[in-house]
Amino acid sequence: MEPMDEVHEGKEKEMGTGPGPANGAATLNEMGEFGGFAKGTQRYIRRSLDVGLGRNDGIRRWARDASEMAAIKAQACTYQRLPELRRLIPDGDAIDATERLLTPLVSMTVFDLASGRLPCFASYRFLYERLLGAAVRPWLPAAFCAAAALPQVHPKSRETLLQTISHAAVTAAGWSIREPSFFPEWVDKVEPAFAA
C-alpha cells in the first residue's frame with residue numbers, strides 16, 4: 001500500500017478531485033510501480049484504463065486478433081458497471097452499504113483476475129484505484145481475496161494470487177485518500193532514426 005498522506009475516513013472527495021495538485025514524488029512512485037510490472041501486465045492495465053475510462057476505442061487500439069477483440073468486448077460489458085460502483089463506495093462501514101459494493105466489485109474483480117493478466121495484488125490495486133478512485137482502497141483487499149478464491153480463477157492461480165497480498169494490505173488501519181495521478185496510456189513505437 002502507498003504511504004498514508006491522509007487517512008480515509010469516508011468518501012471525502014469524488015474521483016479526480018483529490019486534496020490538491022498531484023505531488024511530483026508520488027507520481028514518480030506510481031510510474032516506478034507501473035514500470036515494475038511485467039510487460040503483459042502493463043499492456044492489460046493500459047488497455048483496461050482505455051476501456052474502463054472511455055479514453056479510446058479499445059478494440060481498434062488493442063485487439064491484435066479475434067480472440068482479443070472478443071475479450072475486449074467482454075471487458076467493456078463488464079466495465080459498464082463502473083459508474084454504479086463509484087456511487088456505491090460507502091462513506092462509512094455500514095454492513096449493508098459494504099454488501100452493495102462488494103457483490104459487484106467481486107464480480108468485476110474475478111473477471112480481471114481470471115484473465116491471468118493481473119498476477120498480483122499490487123497490479124490489481126494499481127488498476128482499480130484508477131478505475132474507481134482512491135475511496136475504494138479499503139475494500140480492495142477483501143474483493144481481491146474473495147475473487148481470487150472463486151472457481152472462475154484457475155486453481156493454480158488461486159494460491160499464487162492469495163500469496164501476493166501483504167499482511168500490511170490486509171491489516172491497514174487507514175488508507176490514503178490521495179487520488180492516483182499517473183494513468184498509463186498507449187505509447188506508439190517509434191523507429192530510431194540513425195544519422196547517415
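Arginine 137 is buried, at 1% relative accessibility. Buried here means under 20% relative accessible area, exposed means over 50%, and partly exposed lies in between (1.4 Å probe, protein chains only). The side chain of arginine 137 meets that of glutamate 129 in a salt bridge, 2.8 Å from N to O. A salt bridge is a side-chain nitrogen of Lys or Arg within 4 Å of a carboxyl oxygen of Asp or Glu. Glutamate 129 is also buried, with a relative accessible area of 2%. This pair belongs to one network, in which shared partners join Glu30, Glu33, Arg125, Glu129, Arg130, Arg137 and Arg178 through salt bridges.

The model is predicted: local features need pLDDT of at least 70, side-chain atom pairs count only at pLDDT 80 or more, and totals for chains, interfaces and linings use all residues. Residues are numbered from 1 along each chain as its sequence is written, and side-chain values use heavy atoms, leaving out hydrogens and water.

Now turn to arginine 178. Its side chain forms a salt bridge with glutamate 30, at 2.9 Å from N to O. Arginine 178 sits in the segment after helix H10 (167–171) and glutamate 30 in helix H1 (residues 24–35), so the pair ties together parts 148 residues apart in sequence. Helices (H or I, at least four residues) are DSSP runs, numbered from the N terminus. Arginine 178 is buried, at 13% relative accessible area. Glutamate 30 is buried too, at 5%.

Aspartate 57 and arginine 60 form another salt bridge, with their closest N and O atoms 3.6 Å apart. Aspartate 57 is partly exposed, at 37% relative accessibility. Arginine 60 is exposed, at 69%. The salt-bridge count comes to twelve.

Note on methods:
Helix = DSSP H or I, 4+ residues; strand = E, 2+ residues; numbered from the N terminus.
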